Amino acid sequence: MRKRTLRRGLTAFWWFTLAFLYLPLAVVVLFSFNASNSAASFTGISLRWYYRLLGNEEILSAFANSMVLAIVSSVIALVIGCLIGYGMYRHRHRKLGWLIVLIYLPIVLPDIVFGISEMAFFVQVHRLTGLLQPGLPTMIIAHVTFQIPFVALIIYSRFVGLDPTLFEAAKDLYATPAKRVVHFMLPTIKPALISAFFLSFTLSIDDFVISFFTAGPESATLPIYIWGAIKKGVSPEINAIATLMIGAVAIAAIISLVFSRRRPA
Amino acid sequence: MSYAGVIPSARSRGMVRESRHLLFTVAPGATWILVFLVLPSAYLMGVAFMTNGPYGLPEMPLSLESFKRLAGFGFLGWSPGNLYTLLRSLWQTLVSTGLVVLVAYPIAYYITTCREKWRPILLLLVVVPSWTNQVIRTFGWMNLLAPGTPLSELAEALGLISANMGLYPSNFAVTLGLVYNFLPFMVLPLYAAFEKLDTAQVEAAQDLYASPVRAFWHAVFPQTLPGLLAGIVLVAIPAFGMYVIPELLGGGKGMMLGNLVANQFAGGSNWPLGAAGAILMLLATFVGLFVMRRIGKRLGGGEEVVI
Amino acid sequence: MTDTLTADVADTRMVRSATVESAREASSIEMQRLHKRFGRDTVALDGVDLTIRAGEFFTLLGPSGCGKTTLLRILAGLEEADDGRLAIGGRDVTEVPPHRRSVNTVFQSYALFPHLSVRENLAFGLKMRGMPPEEREARVAKIAEFIQLGDLVDRRVDQLSGGQRQRIALARALVNEPDVLLLDEPLSALDAGLRSQLQVELLRVQKRLGMTFVFVTHDQQEAMVMSDRIAVLNGGVIQQVGPPREVYEHPVNAFVARFMGHDNLYPVTARSGSRLSTPLGELTAEQPGKGGLLLIRPETLDLLPGEVAGDNHLPATVAERLYRGSHAEYRLEVGETTLQATVNNRGRQLPERGDRVTVTVAPGDLVTLSE
């Protein structure tokens with residue numbers, strides 16, 4: 001009897017929490033279809049804010065910047081992180097404490113410290129050498145830095161889950177080092193590669209603080225644009241662009257989940 | 001075994017090959033993190049000990065000026081503003097972490113009581129909002145808490161806020177935003193802990209202790225402690241350095257350490273002061289990690305806290 | 001599965017020429033002073049000299065940690081010896097990497113590639129060596145027929161049972177027609193029934209192909225069933241090399257004797273000619289040798305009811321009897337000493353627990369060995 005009451009209470013609490021989690025997103029999505037530009041009352045369904053997005057060059061260029069940043073940084077992080085992940089696996093019996101610390105550093109460092117360190121560094125390097133002017137390249141560098149650990153850990157855990165004799169079987173079956181990479185390692189870790197790419201991509205799209213501090217005047221991404229728009233005074237267009245981003249990230253995240261689930265146990 | 005003394009060439013050749021392999025795979029990433037994170041952080045720490053120049057950029061000579069400023073000593077004598085900001089950061093961190101625990105604990109437990117095939121989906125439902133951009137999520141709360149919205153009007157009717165003020169900007173809005181933002185980070189490790197729960201121990205405890213409260217306290221709670229500690233690490237450390245949420249939901253009186261630091265680099269332009277704040281944040285991070293690890297090792301029954 | 005393998009000689013030749021295109025001669029293996037250490041102190045191999053003949057089914061037998069797997073890995077090229085030479089088919093391969101050795105391994109865990117189908121697994125080695133696809137397909141089809149894989153080739157690896165995986169792993173190695181096939185405890189993960197079935201199958205495959213097989217096991221029964229010759233290893237040193245009967249009936253030392261399953265070992269306290277004094281009493285041995293330990297194999301003993309006097313007749317009491325149907329195993333007490341005996345069940349009366357009996361042994365069955 002008492003158990004059932006507890007269970008009912010828990011279920012109610014669950015739905016309440018779920019409402020709490022989705023309410024802010026639902027409001028954004030709902031008001032993106034609002035016919036009026038009021039933030040307080042919903043007056044009817046309209047797509048006018050979406051049409052207005054298409055004519056806003058700032059938003060389009062911010063979208064392009066976000067995509068370039070996310071794709072380029074994810075690709076670079078995938079290559080570098082993959083190598084580290086494999087190195088950590090292959091040499092897991094050695095003492096690699098320093099490497100673990102180095103890899104966890106970007107994860108534990110508070111965003112803001114991460115962002116301003118890079119900013120201060122890039123500004124100084126630029127002053128002294130003329131290189132690394134704040135802009136997309138510096139943002140890519142910063143994003144790769146926080147993506148590497150995630151890629152490395154995903155790849156590492158995939159390798160750890162494999163039967164170690166598979167590597168020997170590949171050698172035994174006449175695969176040269178290069179062929180082992182192409183015909184054995186890459187196909188075997190393919191699901192992990194895909195989910196690592198999508199995670200990197202999501203992390204990049206999701207990031208605001210680090211992008212904000214490493215961006216140049218021409219390289220605003222969508223979150224930076226939204227931030228600026230909020231600061232200037234809320235415009236209903238933000239709801240529309242935010243809704244699109246919510247949709248895109250949800251899709252990317254679900255794809256990543258599907259691929260990570262397909263891994264054999 | 002006269003052989004034992006010989007150092008065979010095949011051995012050393014193999015070791016050289018392995019070392020070269022380690023270098024080849026690990027060096028690009030390690031160098032990247034060293035050059036683009038460790039070096040900048042080291043530079044930032046150096047900046048904290050420099051003097052603020054006329055354009056907000058750090059200059060020689062070295063001084064402890066910025067730490068004094070951080071503690072509130074300025075040109076016009078001592079003012080409590082910075083100290084308030086620090087205390088507010090600490091307070092917000094404690095309150096929001098506590099609230100997150102209170103919400104996440106039953107939620108994580110609830111998920112483990114559901115059917116096995118539903119659990120990943122329920123977990124996903126909790127996590128998905130955190131995959132959207134932080135600025136957008138916070139913007140959603142701005143929409144919800146603005147003056148004239150149902151929530152604000154409800155609060156007004158209850159006499160919690162004065163007319164037409166809205167629930168934001170306020171410290172309450174910041175706390176709410178923090179709880180919202182970090183809830184999934186607590187649910188995940190707690191869920192993992194609940195899932196590993198040794199039910200035999202719980203049943204034994206139900207036999208031994210008549211009251212369910214005591215059974216919970218002696219059998220369930222200790223087993224979930226490692227997950228709880230991991231969750232606290234994942235919530236409290238980033239909460240302490242939070243920038244976006246207080247900036248958007250807090251207004252001038254809701255500022256936290258993150259805003260103080262960021263403002264020195266964006267608007268206020270006093271790099272050394274900002275760097276000193278960053279050092280404080282780093283210290284808090286590493287002390288927090290260290291303490292949690294120690295507690296985790298002592299209480300977690302040998303099981304280490306994640307991270 | 002096994003009866004279809006019973007093919008006549010002509011058929012065997014056909015299969016062999018079909019499978020082994022170049023009709024390559026089987027290869028011998030020559031090992032000289034092989035040494036291997038792990039870390040500072042762990043000596044895995046301590047100077048192994050061994051010759052394995054072409055076409056031989058050769059078994060490396062020993063307890064875990066004796067170095068047998070290390071030796072196999074050195075043959076495969078997966079491990080490099082610290083010192084010593086290794087030649088396969090007369091060619092020095094000491095420093096040749098595994099992918100350039102004509103040697104294939106059947107791994108204990110089978111190590112089938114999870115990202116590939118069974119067919120792709122079978123073709124992997126051929127593909128890596130750059131064989132054109134049509135030829136590859138033909139070879140895979142032939143080996144699948146030879147190992148009787150049937151429709152298994154179209155399955156996914158995770159749909160296979162343990163026994164099926166084992167046979168795929170065997171086929172994946174054999175399809176490359178290596179000079180030498182290495183088998184690392186390939187049957188240890190299987191249950192007893194399947195295991196003995198696959199032992200027979202493996203043996204027939206080897207005899208039909210005439211390929212050199214090097215087999216690693218810790219199971220002395222398995223070693224005796226399968227092998228032409230056995231090498232018993234302990235502590236990185238070869239203790240004895242010989243055909244199964246020789247190793248079983250004439251172990252050179254106490255370690256080999258115990259490892260082959262012998263318990264009846266007694267110190268020789270004194271000797272005069274062929275008369276040996278042991279804790280059991282005085283015994284006569286035909287060829288006593290010089291060793292300080294007397295080995296009495298349980299199956300050479302006979303039990304007579306009651307007390308019978310005579311040479312090599314020992315009075316004993318039955319302390320325990322395990323009835324096994326075809327035979328019975330006895331634990332006997334001879335004075336203070338225990339003695340194991342195995343007696344075939346030929347319908348005679350089998351003495352029971354507590355019975356007084358006389359144990360007899362032929363002088364020709366007694367051997368001594370060193371400690």
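Author: Let's start with Thr284(C), which lies in strand 14 (residues 281–284) of chain C; strands are DSSP runs of E, at least two residues long, numbered from the N terminus. This is a predicted model, where local features need pLDDT of at least 70, side-chain atom pairs count only at pLDDT 80 or more, and totals for chains, interfaces and linings use all residues. Residues are numbered from 1 along each chain as its sequence is written, while chains are lettered from A and ligands numbered from 1 in the order in which they are written.

Reader: Is Thr284(C) buried, exposed or partly exposed, and why?

Author: A residue is buried if 20 or more other C-beta atoms, placed from the backbone, lie within 10 Å of its own, exposed if 12 or fewer, and partly exposed in between. Thr284(C) has 15 such neighbours, so it counts as partly exposed.

Reader: Which residues does Thr284(C) touch?

Author: Contact means that two C-beta atoms, placed from the backbone, lie within 7 Å. Leaving out residues up to four places away in sequence, Thr284(C) touches Ser274(C), Arg275(C), Asp311(C), Asn312(C) and Pro363(C).

Reader: In what order do the three strands of the open sheet in chain C come?

Author: Two strands pair if DSSP finds at least two bridges between them. Here the order is 11-15-21, with antiparallel pairing. Strand 11 (265–267) and strand 21 (367–369) of chain C are the edge strands, each pairing on one side only.

Reader: How many bridges join strand 11 to strand 15 of chain C?

Author: Three bridges join them.

Conventions:
Helix = DSSP H or I, 4+ residues; strand = E, 2+ residues; numbered from the N terminus.
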